[in-house]
Amino acid sequence: MFALVDCNSCYASCEQIFRPDLRNKPVVVLSNNDGCVVARTKEAKALGIPNIEPYFKVRHLLEKHKVAVFSSNYELYGDVSARVMTLLRELAPQVEIYSIDEAFLDLHGFQYHQMEHNWRDFATHIRSTIWQQVRMPVCVGIAPTKTLAKLANHIAKKSKKLNGVCVMDKLEDWEKVFRQLPVNKIWGVGRNLAARLSELDIHTVQDLRTQDSQLIQKQFSVSLSRTVRELQGINCLGFNEVPSNKQQIVVTRSFGERITTLEQLKETVSYYGRRASEKLRRQNSYAQAVSIFFETSVHDKGTRVFRQGCRELAYPSNDTRPIVELAVQIIESLYVHNQRYYRSGIGLLDLVDTNPHQHNLWDEEQSDKTTGLMQMVDKINRRFGRDSVLFGRNAGESPWAIKRELKSPDYTTRWSSVPKIKMR
DNA sequence: TCTGGGGTCCTAGGACCC
DNA sequence: TCTGGGGTCCTAGGACCC
């Protein structure tokens with residue numbers, strides 16, 4: 001079994017920890033520069049305040065209902081999150097932190113109070129512990145796969161009867177609910193997929209659950225076929241306790257006021273470059289390329305300007321100076337005068353984990369076993385004749401079969417290439 | 001007047017290689 | 001010995017997540 005523990009209206013709940021007088025009242029947290037609503041308590045939701053809504057559009061509503069409004073304080077949210085995650089590690093054998101407000105628990109082989117099917121009690125224990133120790137309200141979903149645990153968590157949030165806990169041990173018992181849940185509530189099914197599925201008359205969770213996963217793989221993708229199998233109770237997603245290093249690091253902001261000069265723009269990107277290289281050093285990586293962009297707002301008059309460029313660093317680095325220097329060069333080459341810029345950003349790409357000054361051929365081969373192996377096979381074949389290397393479980397099986405095998409729906413593909421430029 | 005800031009994985013297709 | 005099926009590597013772009 002897996003559990004998904006999710007903080008309720010995370011940022012808003014964090015603010016309430018320090019303002020107990022705001023318990024059970026509508027609270028809203030705004031994004032950087034107070035641009036958008038990014039979190040709201042259920043009382044605020046009930047007033048009809050949508051998420052990611054421009055502040056100015058809902059301001060009158062917030063004032064009318066005397067909603068408490070906070071500017072965001074990400075340091076605080078990070079602190080509270082860390083305390084929740086520490087508690088979870090004490091409560092469960094294996095924890096995968098999925099986002100600032102969510103974590104999966106792997107409960108395979110785990111027994112609560114020496115009892116095997118005591119999941120409801122366990123989940124309730126998690127809830128009350130986190131509430132008592134941190135004053136953070138959470139919901140818990142428990143199910144045989146991660147995708148189902150997500151769904152269970154969703155149900156736990158929606159249904160008042162369940163008291164924030166939903167356990168899906170016998171899937172047959174839930175078919176009635178699955179028939180009522182629209183397909184886009186499933187983790188991995190967004191707006192676009194939902195629309196395409198609807199054409200095939202697949203509208204509910206139950207509709208998707210009962211599809212043939214191979215057919216879905218042909219018509220859609222491996223990802224969706226995995227989702228189908230997960231919904232059937234077949235575990236297809238890995239569990240990563242140790243968070244892997246980021247493959248790209250991006251820092252973007254919209255400005256408080258429009259920027260109109262090259263100097264100002266360079267300043268913003270220098271600042272983002274510093275933040276980005278800090279993140280890079282924290283995970284001990286080196287960037288090989290820098291990408292920057294800046295743009296005017298879609299909401300402003302005139303034709304919209306969007307400029308973006310990517311260049312390779314002379315050598316892989318996580319030092320602020322070469323990164324910012326290159327970023328500034330790119331800006332200078334792309335800058336368009338007489339515009340009112342609305343936001344900019346920097347991306348550090350093609351990250352490598354090895355110290356570029358300590359090249360080690362053996363390590364490189366290890367780091368990409370597939371390539372290394374295939375090169376070796378080719379070398380031997382060239383010397384001793386084609387197909388002189390037999391490989392795989394069955395003699396005569398082609399070496400490439402290994403790769404195909406790893407691409408089966410039960411495993412995630414491990415060698416997607418890092419896109420060079422990945423910024424809007 | 002005022003509209004978030006990050007990430008991930010997958011696919012398709014072209015050039016090239018063995 | 002030679003072909004060619006099927007790899008690699010790369011990029012753009014789409015879709016998804018919180």
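Leu-107 touches Met-1, Phe-2, Ala-3, Ala-92, Pro-93, Trp-119, Phe-122 and Ile-142, leaving aside residues up to four places away in sequence; contact means heavy atoms within 4.5 Å. The model is predicted, with local features requiring pLDDT of at least 70 and side-chain atom pairs pLDDT 80 or more, while totals for chains, interfaces and linings use all residues. Residues are numbered from 1 along each chain as its sequence is written, and side-chain values use heavy atoms, without hydrogens and water.

Leu-107 is also among the residues with the most contacts inside the largest nonpolar core, which has 42 residues. Such a core is a set of buried Ala, Val, Leu, Ile, Met, Phe, Trp, Tyr and Cys residues joined through side-chain atoms within 4.5 Å. Buried means under 20% relative accessible area, exposed over 50% and partly exposed in between (1.4 Å probe, protein chains only). Helix α4 (residues 74–91) gives the most to this core, with 8 residues. Helices (H or I, at least four residues) and strands (E, at least two) are DSSP runs, numbered from the N terminus. A second, separate core of 32 residues includes Leu-197 and Phe-239.

Helix α12 (residues 262–282) has 21 residues and should span 30 Å at 1.5 Å a residue; its end C-alpha atoms are 30 Å apart, which agrees. The expected span is 1.5 Å times one less than the number of residues. Buried residues of α12 include Leu-265, Val-269 and Tyr-272. Their cover includes β10 (249–259) and α13 (320–334).

An open sheet of 4 strands runs β4-β3-β2-β5, with mixed pairing. Strands pair if DSSP finds at least two bridges between them. The edge strands are β4 (53–54) and β5 (68–71).

Technical notes. Chains are lettered from A and ligands numbered from 1 in the order in which they are written.
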